[in-house]
Amino acid sequence: MALKMVKGSIDRMFDKNLQDLVRGIRNHKEDEAKYISQCIDEIKQELRQDSLAVKANAVCKLTYLQMLGYDISWAAFNIIEVMSASKFTFKRVGYLAASQCFHEGTDVIMLTTNQIRKDLSSPSQYDTGVALTGLSCFVTPDLARDLANDIMTLMSHTKPYIRKKAVLIMYKVFLKYPESLRPAFPRLKEKLEDPDPGVQSAAVNVICELARRNPKNYLSLAPLFFKLMTSSTNNWVLIKIIKLFGALTPLEPRLGKKLIEPLTNLIHSTSAMSLLYECVNTVIAVLISLSSGMPNHSASIQLCVQKLRILIEDSDQNLKYLGLLAMSKILRTHPKSVQAHKDLVLQCLDDKDESIRLRALDLLYGMVSKKNLMEIVKQLLQHVDKAEGTAYRDELLTKIIAICSQGNYQHVTNFQWYISILVELTRLEGTRHGHLIAAQMLDVAIRVKAIRAFAVAQMAALLDSAPLLASGARRNGICEVLYAAAWICGEFSEHLQEPQQTLAAMLRPRVSALPGHIQAVYVQNALKLYTAVLQRQEQAAPDPQDAPPDADADADAADAPGAAQEAAQLLLERLPQFVQSADLEVQERASCVLQLVRQAQKLQARGVPVAAELSALFAGELNPVAPKAQKKVPVPEGLDLDAWINEPPSDSEAEDERPRAMFQEDEPRHARPKAQEADDEELARRREARRQEQANNPFYIKSCPSPQKLYQDAPGVDHIPVVCIDLSVPLRVPGLPASEQYVKLEEERRHRQRAEKGGRKHRKKDKAGRGGRRGGSLPDSDEDIAPAQRVDIVTEEMPERHRPVAPPKSPKKEAAAPKERKSKKPKKEKGRGRDRDRDRKAQALDLWLCSTPPAEPAESTALGTPSLDTEVPTAPQQPSEPCPDEGDREPEAHKKPHKRKKQRQEKERSGRDKKSRKKRAEDGPPLGTGALEEAEEEPLPPMSSYALLAENDFVRMTYEVRGSLQGGSQVTVSLVLENLSSHVLKSLELGVLDSLNARLARPPGASAHDGVPVPFQLPPGVSNEAQFVFSIQSVLTAQKLKGTLSFIAKNDEGSTHEKLDFKLAFTCSSYLVTTPCYSDAFAKLLESGDLTGSCVKVDGITMTFRNVLAKICFHHRFSVVERVGSCASMYSRSIQGHHVCLLVKQAEQSVSVDVKCADATLLGSLLDELRATLSAC
Amino acid sequence: MQFMLLFSRQGKLRLQKWYVPLSDKEKKKITRELVQTVLARKPKMCSFLEWRDLKIVYKRYASLYFCCAIEDQDNELITLEIIHRYVELLDKYFGSVCELDIIFNFEKAYFILDEFLLGGEVQETSKKNVLKAIEQADLLQEKTEYVSQQEVLWV
């Protein structure tokens, strides 16, 4: 034995240690692989020895090799051996190796459970520490389940060194084994107030991370964290807390209001950039969640923007980048504040760092307005010229186009300018985005009728220079532009000055080098041009019908060979080249055109006018059509679209099933579902095909999901102001000077317009006294700039709900609001009576949010343990409380004595609102849909999702069901138990009869018939809340579970066993989880065609639309995607990932809801529940 | 934090710490991709980049790149701070640290990191406490080593 040990140590001396290995590898640069495979062989030898020291050395070397990319999973068992060494040196190496190479797939990992447990309870804190560190890297669900209790115990270890590690690792345990969260949470919360700052900060870290995953459950901790935030000086901790608040505020806007002040204080005072940045980000998040952009917060926005400006101006690239990043967040909600810093953003475009330039570009997109578009684009063009590297240049190009075309070209006031910009962009060499430019050219030329003449001239110039474009490497990208150019020249050939010349340009031999699809367009449009030439000639000639028939016509044809003949000749000469094209499309079109021209020439030679017939080939005006235009067409009277055209295939299923089965086997039964399926498939296929077609068809306006889009009133075609083209504009200067000129021209035009308008306004003012609505607006404000040409837009949706609120209507609406408010009162009070026993937690939070924090320390400590408090008064407001912002929330009871005064105030306020609304209407487009109205409507009536479950003399049970996306198909039932008796209730136990579909999560080892103990007792008059998790198989239908609450009621006289039966209802809505959804994602979802739809309409609803929405949001866990007027789209998602989309519309006294859902069963269930909710409105 | 990588200017990995469980194959793929991306950036560029759905924060100290992957809502500046703090810790422990220190004592570099971060979260914000913990653990290690040597000699 002794000899062995000596031998081992001697062996060790000759072994390579880690240093030798590293040195060896460095010395064998040229044959590294060979050397390492040698070393691995040695290591395998070493691992076979008994000495742990040798093994540990081998494992240490393996860990190094693992980092170099060598597989060491074969040594997993040896690693476990070394982990279990009693000596710290080896243990440390073993755990390090394990933490580097173990993962969930490592099978031997389950062998470690006992060893780790032993190490966790080791008397040496370093053994424990090493085990905790290692475990944090390779914890598996099994390890988490088995060791959760041990780690939980360590959270109360005497040494802070262990406590903080145990607290931190609990987060990993929660992730792997979510069931451990509930029992561990109270202790975790305790650690927030640990005397050791390290442990405290660890607890903050863990809770912050948990809250980011599922903020709702941690709302009740807000008061505690608020206290921590105002007292802590540790920046690491502060950042975490502030981040936590950032996650909480979207759920509770009042929390946001409360946060603004301390956060702005921190912004002012801190010198740490990381903290400043976090504060700014959270303030932005808060302001977004308040969403209404209330004027009293403009100071905070200004502060943020100011600080961000400092960051962006800093020489540190990192700060610059982050500043721009945060700026773009503000831009989404407060574009005005950011637009003031346009200079800075433009400056950043010159930055050396491409990532900063790209950020700046993103910002620019949101900063353009009618006023500054031309200037910004001019600067961007300069950057295009300077840019090295095609990637960045292409990015610039796409951004220019995106900036100009956004919102249906809402910022473009002069389309001549825009066309010349597009022409300028064609000079870009080697860009991939030729098709983008082409698409824009086509779109503008088709939709802006007034611009066609100009566009055609420019396109003709482009075609003329085509050889330039087609040469060399450019062939791939930019030549796409020629497709657009040729098409525009052909289609609008009536505007061409010299069609012959263009025709000649299009038939040049070098055209055959272009891609096939462009050649095809060339050929087709050559014919259009020929027709145009012919038509002109025939119109110029005296009408053949007036002239004597044969002789004269012959003479005409004979003595005037004319342009048409020349053109025909040219075509006959050049087209054969295309007939030989390898591209089928080109070939087909060319031979077709060739024949047509020959025929035309023949007829013409005989003096027969052919122009009219030829032009009939291309007759018909192109008008843009909205994708949903069909909806606008009224259904003709007497046409029932739902009626069968033919007899339905058979009568109802039930009837025919039996008799037929007797005679005809099963055939019909098989056949019908198949046909049905095919129908669905067919439908989907057609839908897809139609979408494809629409996408490829330039005459369809693509639906653009931008919510900020402004729908300009589309005047009739005749009303489009046609601008006379200034003939001094050289038509063939497709260069920078051209667009410059338009900038100047546009400025002049605006100037003229302004002068005119100013005059008009003046007169109006004189006439109407102070009635002029635009009185205070700047003459230069964005809305005042009337576009020179208008985009021909057919509104995509029905106009009434998308049209911006017309100013004259708003006073009426305002006047109606107070009335509504009054009628609401009795209802509200009733509601409050019922609310008495609702969620105390929420009320506690309400109370905290309503008041100023330092005022009642006693209360906030009570609130720290919200589940136990019983004394919180049910009415959450005290009249004396100073809550300046919360005036509206005062209970109505207190208002009654001042009813008159209140009304007057309301009137005043509505007056003010009117003003502010007008002001906003002038300031620019509304920022967010619906945000405007929301700020002005009355506060929502209180709502509670807790419903009565059962009640007897002893106890009342109310409950709420919530799904969570966290744990798969699970819902949490929060059960509030209130003791109504004078007995002490104890040994409460909840027994539930599981169904196939829903099962109560029981503690491990419990059978399906065991009850689950409620973790508290109830003294008389006390209520408390317990949570139970149910796993759900299918969320498609609602269901009820029977259950019993059993308990012992005890008083001085003795104790009795009692029972209370209940039926726990899981509605389908309770399987939904409020999930925010962006409007473009929403649009995509609807377009996908995967959802089936249905509709419900409920009459007699007097509730305001906002309240209806709030009710749906609250009771059915939807979130509003977009709201426009009295129409809103909403979204939610089931715990199993079914998407549910709603379109809620309010008409007079009725609300209709269109529901779309991926599953028809779920759809039906939800419809029923929605109907029930709405009927109660 | 999802993971931390240390690599040299030549793209050689010097240290890797993963706080999310991934298979070796994935780890290798991510490492290769990130090393390339970061090394391709010009020196004057900012330290942040968006990569897949993560944010990468990196900083170069002498010939070594320190590179962390954080989630979308995490704070980039505090991550830079973490990197810097770790470098300071290495510096204090090794006494003006250089790449070779980390190569030859890579296990020590891991031990220090493990005392500073746990499961991707900052465990100890005080430099003093981290170093104290390491020193004491080292002391314990020396003691046991000494004892084992004594045992051998005794026999």
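Modeller: Two residues are in contact when they have heavy atoms within 4.5 Å of each other. Keep in mind that this is a predicted model.

Start with two helices of chain A. Helix H14 covers residues 235–248, and helix H16 covers residues 273–290. What angle do H14(A) and H16(A) make where they pack? It is about 10 degrees, and the axes lie 9 Å apart. Angles under 35 degrees count as roughly parallel, so H14(A) and H16(A) are roughly parallel to each other.

Now the residues. From H14(A) come A:Asn235, A:Leu238, A:Ile239, A:Ile242, A:Lys243, A:Phe245 and A:Gly246. They meet A:Ser274, A:Leu275, A:Glu278, A:Cys279 and A:Thr282 of H16(A). By class, this contact has 6 nonpolar, 4 polar and 2 charged residues.

Helix H13 (residues 222–231) packs with helix H15 (residues 253–269). Here the angle is about 5 degrees and the axes are 12 Å apart. H13(A) and H15(A) are therefore roughly parallel to each other as well. H13(A) brings A:Ala222, A:Phe226 and A:Met229 to the contact. H15(A) brings A:Leu255, A:Lys258, A:Leu259, A:Pro262 and A:Leu263. How do these residues divide by class? There are 7 nonpolar, no polar and 1 charged.

Next, the partner chain. In chain A, 61 residues are in contact with 61 residues of chain B. The two chains bury about 5,800 Å² between them. Carbon and sulfur atoms account for 58% of that area. Which three residues supply more of the area that chain A buries against chain B than any other three? They are A:Met67, A:Arg92 and A:Trp236, with 15%.

In one salt bridge, the side chain of A:Arg359 meets that of B:Glu50 at 2.7 Å, N to O. Helix H10 of chain A (residues 160–176) gives the largest share of the side that touches chain B, 7 residues. By class, that side of chain A has 23 nonpolar, 19 polar and 19 charged residues.

Technical notes
Residues numbered from 1 in each chain as written. Chains lettered and ligands numbered in written order. Predicted model: local features only at pLDDT ≥ 70, side-chain atom pairs only at ≥ 80, totals over all residues. Heavy atoms only, no water. Buried area = accessible area lost by both parts, 1.4 Å probe. Salt bridge = Lys/Arg side-chain N within 4 Å of Asp/Glu carboxyl O. Helix = DSSP H or I, 4+ residues; strand = E, 2+ residues; numbered from the N terminus. Nonpolar A, V, L, I, M, F, W, Y, C, P; charged D, E, K, R; others polar. Axes fitted to C-alpha atoms, helices over the stretch in contact; angles between N-to-C directions. Parallel < 35°, antiparallel > 145°, perpendicular 65-115°, else oblique.
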